[in-house]
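Please examine the sequence and the model displayed below. The paragraphs that follow lead through strand pairing, the meeting of the domains, and several local features of the backbone.

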Amino acid sequence: MERYYQKEIETASRETIVSIQNERLVATVKRVYENVPFYRDKMIEAGVKPEDIRSIDDLCKLPFSYKKDLRDTYPYGLFAVPMKDVVRIHASSGTTGKQIVVGYTKHDLEIWNDCCARALTAAGCTSEDIVQVSYGYGLFTGGLGADGGAMRLGATAIPASTGNTQRQITIMHDFGSTVLCSTPSYALHLAEVLEASGMTKDDIHLKAGIFGAEPWTNEMRRQIEEKLGLKAYDIYGLTEVMGPGVAFECSEQTGMHINEDHFIVEVIDPDTGEVLPDGTQGELVFTCITKEAFPILRYRTRDIGVITREKCACGRTLVKMTKPRGRTDDMLIIRGVNVFPSQIETVLLEKGYAANYQIVVDRANHTDSIEVQVELTNEMFSDTVRDLAKRTKELEAALRTLLGIGAKVSLVEPNTIPRSEGKAVRVIDKRKLLD
Ligand code: DLL
């Protein structure tokens, strides 16, 4: 039986959702115009007045916001309330550049906890559960976000944070954790350390995992489920919009429901900015309609996805987004061909490798090259040299078929690719160092 945390809104009719969105959008735009000089200036520049925004159909009149805007107004320039009302700060550094800083009022934290409680409930978590939160605690939103959701449900949270993986396994075993929250790559590392400690999934009590913060494929989902003996659910979010819980997976696992009473989603063509019809792949853009401290408008996430509005068999009516395929800025352009790391991951995992790989991109004599370093599993490592050569050829052929360009495959010894405790680093683009 499907469980909901806030059934009324999670299963509301489209008219109800749209009417809530209309009302909240109009109020947010007015408030932001009055309180944040940055948005006021941008709207004046675009020739839009708050009165012009009367419903979600007018959303497209508003200018977009970008990560750069957060950097240019660092640290508090986009806050819409006085600092005395801000009770929490989070920040994210990303891979390059200055940190971006966001703030939350007490009410914002309550809504965030609700959103994460919806995600946990959809994964079957109740007040009976023991939730091991192995996302980083601190400025990163993962740890405290999932923790707040667990608290809201009345579940028992274990704030394990990341790191000290051996101790995480002891905690999991001794404290009887039933739900795990971590990045999917860290979940796989936890599984490796579990095995190295001489234990199997039968020695622990996990029933569900809520994994996000980085792209992961369904093949990786199967590996995690198999090794940890749990059902793995996806959760999506980003610091600028809130943190984890912007969208979450239900028992159907055919996309993630977006918490539309708090966030309006649009899908746009990343090149032209044009809003695309449902079902078309493009860049996800979010507008916060209930945030008090940091109500970002039309934020360009750079995440690539598709949204669908068919009614879900779980009973929820909230719009669904597909697993983000990657980010526009993760997409590699190799000799003019677009390549997403997730495509490569799918091939590797289908061929029986674990998700321990790194993609090295380089350029020599004006020609791009791509090398995929793939870790052998312990069983494969005992193969003969001839077997290994065959494996390399087989992978290179599969990658060529999928990507349409040649990629060099280097098989490396088990345990040589660095493990991550947070977001895995999949790509080393040496061309960037040359630019
Ligand atoms: O990663 C928030 C989060 C924490 C989400 C824990 C889920 C679980 P940032 O560090 O700001 O925030 O990174 C946000 O991570 O724009 C996506 O590119 C990526 N991302 C987040 N969740 C997913 C997911 C957190 N489920 C960026 N699948 C986003 C794919 C994801 N990518």
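Aspartate 303 has arginine 327, in strand S15, as its bridge partner. Strand S12 (residues 299–305) and S15 pair in the antiparallel sense over two bridges; two strands are taken to pair if DSSP finds at least two bridges between them. Helices (H or I, at least four residues) and strands (E, at least two) are DSSP runs, numbered from the N terminus. The pairing of S12 with S15 belongs to an open, antiparallel sheet of four strands in the order S10-S11-S12-S15. Its edge strands are S10 (263–268) and S15, each of which pairs on one side only.

The model is a predicted one, in which local features need pLDDT of at least 70 and side-chain atom pairs count only at pLDDT 80 or more, whereas totals for chains, interfaces and linings use all residues. Residues are numbered from 1 along each chain as its sequence is written, and side-chain values use heavy atoms, with hydrogens and water left out.

The protein is divided into domain 1 (1–328) and domain 2 (332–434), with bounds that come from an automatic or database domain assignment. The centres of the two domains, taken over C-alpha atoms, are 30 Å apart. Where they meet, 22 residues of domain 1 are in contact with 19 residues of domain 2, contact meaning heavy atoms within 4.5 Å. The size of an interface is often given as the accessible area lost when the parts come together. Between domain 1 and domain 2 the buried area is about 1600 Å², of which carbon and sulfur atoms give 52%; this is the accessible area (1.4 Å probe) that two parts lose on being put together, summed over both.

Which side chains meet in a salt bridge between the domains? One salt bridge is counted between domain 1 and domain 2, a salt bridge being a side-chain nitrogen of Lys or Arg within 4 Å of a carboxyl oxygen of Asp or Glu. The side chains of arginine 419 and glutamate 192 form a salt bridge, at 2.7 Å from N to O.

On the side of domain 1 that touches domain 2, helix H8 (184–196), helix H9 (218–228) and strand S15 (326–327) each supply at least two residues. H8 gives the most, with five residues. By class, this side of domain 1 has seven nonpolar, 10 polar and five charged residues. Here Ala, Val, Leu, Ile, Met, Phe, Trp, Tyr, Cys and Pro count as nonpolar, Asp, Glu, Lys and Arg as charged, and the others, Gly among them, as polar.

The total count of salt bridges comes to 27. One of them joins lysine 67 to glutamate 240, with the closest N and O atoms 3.5 Å apart. This pair links distant parts of the chain, 173 residues apart: lysine 67 is in helix H4 (residues 67–72), and glutamate 240 is in the loop between strand S7 (231–238) and strand S8 (243–249).

Attention now turns to another group of strands. Strands S18 (residues 357–364) and S19 (residues 367–375) run antiparallel and are joined by eight bridges, with alanine 364 opposite threonine 367. They form a hairpin with two residues between them, and asparagine 365 in the turn has a positive phi of about 50°. S19 also pairs with strand S20 (residues 408–412), in the parallel sense over five bridges; glutamine 373 has serine 410 of S20 as its bridge partner. Valine 412, also found in S20, touches residues that include Gln373, Val374 and Ile417, not counting residues up to four places away in sequence.

A cis peptide bond joins tyrosine 74 and proline 75, with omega about -5°, and proline 75 lies in the loop between H4 and strand S1 (88–92). Serine 161, a residue other than glycine, has a positive phi near 55°, in the loop between strand S4 (156–158) and helix H7 (165–174).
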